[in-house]
Amino acid sequence: MEPITGRALILACSAIGAGLAMIAGIGPGIGQGYAAGKGAEGVGRQPEAQGDIVRTMLLGAAVAETTGIYGLIVALILLFANPLIGLL
Amino acid sequence: MEPITGRALILACSAIGAGLAMIAGIGPGIGQGYAAGKGAEGVGRQPEAQGDIVRTMLLGAAVAETTGIYGLIVALILLFANPLIGLL
Amino acid sequence: MEPITGRALILACSAIGAGLAMIAGIGPGIGQGYAAGKGAEGVGRQPEAQGDIVRTMLLGAAVAETTGIYGLIVALILLFANPLIGLL
Amino acid sequence: MEPITGRALILACSAIGAGLAMIAGIGPGIGQGYAAGKGAEGVGRQPEAQGDIVRTMLLGAAVAETTGIYGLIVALILLFANPLIGLL
Amino acid sequence: MEPITGRALILACSAIGAGLAMIAGIGPGIGQGYAAGKGAEGVGRQPEAQGDIVRTMLLGAAVAETTGIYGLIVALILLFANPLIGLL
Amino acid sequence: MEPITGRALILACSAIGAGLAMIAGIGPGIGQGYAAGKGAEGVGRQPEAQGDIVRTMLLGAAVAETTGIYGLIVALILLFANPLIGLL
Amino acid sequence: MEPITGRALILACSAIGAGLAMIAGIGPGIGQGYAAGKGAEGVGRQPEAQGDIVRTMLLGAAVAETTGIYGLIVALILLFANPLIGLL
Amino acid sequence: MEPITGRALILACSAIGAGLAMIAGIGPGIGQGYAAGKGAEGVGRQPEAQGDIVRTMLLGAAVAETTGIYGLIVALILLFANPLIGLL
Amino acid sequence: MEPITGRALILACSAIGAGLAMIAGIGPGIGQGYAAGKGAEGVGRQPEAQGDIVRTMLLGAAVAETTGIYGLIVALILLFANPLIGLL
Amino acid sequence: MENTNFVMIFLNWLMSFDRKALILAASAIGAGFAMIAGIGPGIGQGYAAGKGAEATSINPKTSKQAIMVMLIGAGIAETSGILALVVALILLFGNPLVGQSGSVLVIAASAIAAGISMIAGVGPGIGQGYAAGKGTESTGKRPKYQSTILRTMLLGQAVAQTTGIYALIVALVLMFSNPLLKLL
Ligand code: NA
Ligand code: NA
Ligand code: NA
Ligand code: NA
Ligand code: NA
Ligand code: NA
Ligand code: NA
Ligand code: NA
Ligand code: NA
Ligand code: NA
């Protein structure tokens, strides 16, 4: 019979931590969607500037993605390269 | 009588972590809906630019989807290829 | 007397995880409602473009639905085809 | 004396899961209210297009309702046809 | 002296589940308030269309109420007709 | 000396459930405040329509209050007429 | 060692319930702030209508306050006139 | 091992309750910031109405502060004049 | 049988703390996405000012990134340079 | 009987840990909660950034003045993010609660509560950022009224900060002069 060890507790809480970190993804989703809407609006109004509008939209959206990526990285670290069990 | 093992605790917390990760989906839902509204508005105003508007809307929406996909991937990893029990 | 087993704990936490996953539905609800409002506005202003407006609104709303569907799928997996108890 | 069984724990957590799933209802409530406001605005401006405006508003609102219904369905499954206790 | 039974645990968690389900009410409150604001604005601008505006506002608000009602129903089921204790 | 009974656990969780139910009040607060702002704006622009504007604002705000009231009722039921302890 | 009584558990959870109930205050804070902004805007545009604007703003803000007050009342009941310990 | 008393549990949960109550402060922060923005905009547009604009903004902001104050008061009661331990 | 040590508890809670800290990323995601949308709109309006517009957007977005970075730093400290176990 | 009282089982499990460990574990969670405040400045400053870009596109000649207002306003909107970071760093690096005497349960809960309290900072961050954006927009349109706009913006931002300050005070009280320990 294998009881709950400290290692198991850390790994269990890492699963929850990974899930929490993903919640950051709400932000880029809202923000980039706003940019998509404004881009579509702009392209409709100034079709001749389509290239510039879409490029600016994508550049801005790339900037807005970062915190979602940070959340993903922290989650993947917790899941695949958990440094906490090394500190035990 | 089988007591609660560390493995079981990790799997139980993985279920919660998977649920938490899905909450990221709030973001793309709001953002892409905003883009949908702006796209519909734009198409009504400049029907001749419909192609450009819809293409820009879909491109922007694709960008806005990513963090929702990240959340889904983390949830599926926790459910189907749980790496934490390998670390136990 | 049947005590709480690891299997029971996983299933109990799966119920909570399924509930959490559904929270993603906030996003499509807000976003598609925004699209509905913009669609109604557009149709009032350009009744002649009604077909294009409603089609774009529905296309955008379909895109905005996806993360809500992801949440539903994860919840249904947890409830009906729970892979975690197989990992126990 | 009846102690807490695994079955009881699953059912208790199902009550919490059902409550969590209902939170999805925030989304349709906000979104459809936005559509209602835009619909009322449109009808005031173009009373002659009232039929089209209200139809588009209701069509869009129906689409926005879905994730709230998903949440309700998951809650009702947890409460009335709990599949998790069958997995125990 | 009566200890904590499984039945008690289910009922205790039902109280929390009922409270959580009510949080859905945030949505209709925001949405219908938006509709109220747009309705008031519209009535100020087109007093002659007051009937149409208010009717559309109320129709849209009725649609926006549903997920709040779903939350209330789930809470009342948990409190007054708890099906979970029947599954014990 | 009286230890924690099932009845005590239900009542303790009812306190938390009552607190959670009140969170619904966020919605009407935001929504009615929006209506207040739009009403003040409208009255400034069309002082001659003040009666109609304020009446529509208050009608819409009354509709937006309901889910806050639902939350209050559920909280008061949990606190003063707790049906769960009758189910024990 | 003196064990924890049911009464203590109820009072402890009442403290958490009181804190949760106060979160409702987010709503009136946002909504009334919106009204304040719209009032300030209106007064700048139509200084001659200042009286009407401010009165409407305050009337609407009073309506928007209610759910914050409900939350406060539930918190004060939990803290000062706790009915739950009478049900024990 | 340090024993836990009921009194300690109540005080521990009072700390958490106090922290939760402060979250209400999100609302006034957002709302008053909106008023600040509208005030700054109005003053730029009608500098001659600055006095009226700022006065209305501050009056509205004072109204928007109340639920934040309620949260503070409940927190201070929990921390400095805890009525719950008197009920033990 | 190796019991759970205090060190393990700290590391387990650090995983949850790291996950919570990442939630801050919601903010920059929304804000920068708004900036991206406004930038795209502006570039469509004055394509000749594209350089200035994009520079302003990026400057503002850099400022908006900081709190997401703070969250990431706190998470990385908890995961890789946990100061808490040094205090044990 | 003892078996079914899971409340006591859980509390006894908690108390089986070293006192310091329990407080430090709670501090990790508290630090995580505090950082959530960062949502606010992120949204608010992003709004200001968008308004800055807009002002630049509408009137490139006045963009310098507008950007100045954007940076000042956004700087103020950073406040609650910084305050939250400070509270988190205190919990992690200079935890005043570890050495406290008194019930470990109350002290550990206070560490978590201090973090939760800081979440209030979301509000001032969003609101002040909105004000920064509106100030930026107005300055771009009417640069000659910059000082009047700026003054009103700053006044309004100061008002919007108060609930964030309340939260900071509650957090500091919980960490440095916890009144609950005297009630024990
Ligand atoms: Na970013
Ligand atoms: Na994305
Ligand atoms: Na989607
Ligand atoms: Na939908
Ligand atoms: Na609905
Ligand atoms: Na309602
Ligand atoms: Na109200
Ligand atoms: Na108020
Ligand atoms: Na920042
Ligand atoms: Na304030």
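Tutor: Let's begin with a term that we will need throughout: helices here are DSSP runs of H or I with at least four residues, strands are DSSP runs of E with at least two, and both are numbered from the N terminus. This is a predicted model, in which local features need pLDDT of at least 70 and side-chain atom pairs count only at pLDDT 80 or more, while totals for chains, interfaces and linings use all residues. Residues are numbered from 1 along each chain as its sequence is written, chains are lettered from A and ligands numbered from 1 in the order in which they are written, and side-chain values use heavy atoms, with hydrogens and water left out.

Three residues of chain J, namely Thr152(J), Tyr166(J) and Leu183(J), supply 14% of the area that chain J buries against chain H, more than any other three residues.

How much area do the two chains bury between them? The size of an interface is often given as the accessible area lost when the parts come together. Here, buried area is the accessible area (1.4 Å probe) that two parts lose on being put together, summed over both. For chains J and H it is about 4,000 Å², with 76% of it on carbon and sulfur atoms.

A salt bridge is a side-chain nitrogen of Lys or Arg within 4 Å of a carboxyl oxygen of Asp or Glu. The rule finds 1 salt bridge across the interface of chains J and H. The side chains of Glu41(H) and Lys134(J) meet in a salt bridge, at 2.8 Å from N to O. Polar contacts are pairs of N or O atoms within 3.5 Å; within protein, one atom must be able to donate a hydrogen and the other to accept it, and residues adjacent in sequence count only if both atoms are side-chain atoms. Between chains J and H there are 8 residue pairs in polar contact, both residues being at pLDDT 80 or more.

Ligand 10 is coordinated at 2.1 to 2.4 Å by Gln32(H) (OE1), Glu65(H) (OE), Val159(J) (O) and Thr162(J) (OG1). Gln32(H) belongs to helix α2 (residues 26-45) of chain H and Val159(J) to helix α8 (residues 146-176) of chain J, so this pair joins two chains. Donors are N, O and S atoms within 2.8 Å of the metal (3.2 Å for Na, K and Ca); water is not among the atoms, so sites may look incomplete. Are the two residues of that pair buried or partly exposed? Buried means under 20% relative accessible area, exposed over 50%, and partly exposed in between (1.4 Å probe, protein chains only). Gln32(H) is buried at 1%, and Val159(J) is partly exposed at 21%.

For chain J, an unreviewed UniProt entry lists residues 21-47, 67-92, 104-126 and 163-181 as "transmembrane region". UniProt positions are given in the numbering used here, feature names are shortened, and annotations may be inferred rather than shown by experiment. In the model, residues 67-92 of chain J are 96% helix and 0% strand, with end C-alpha atoms 36 Å apart. Residues 163-181 of chain J are 84% helix and 0% strand, and their end C-alpha atoms lie 25 Å apart.

Finally, let's set chain J beside another partner. Chain G touches chain J with 4 residues on each side, burying about 280 Å² between them, 87% of it on carbon and sulfur atoms. That interface has 0 salt bridges and 0 residue pairs in polar contact. Salt bridges also occur within one chain: Lys38(I) and Glu41(I) meet in one, at 3.1 Å from N to O. Both lie in helix α2 (residues 26-45) of chain I, 3 residues apart, about one turn of the helix, and both are buried.

How values were computed. Contact = heavy atoms within 4.5 Å.
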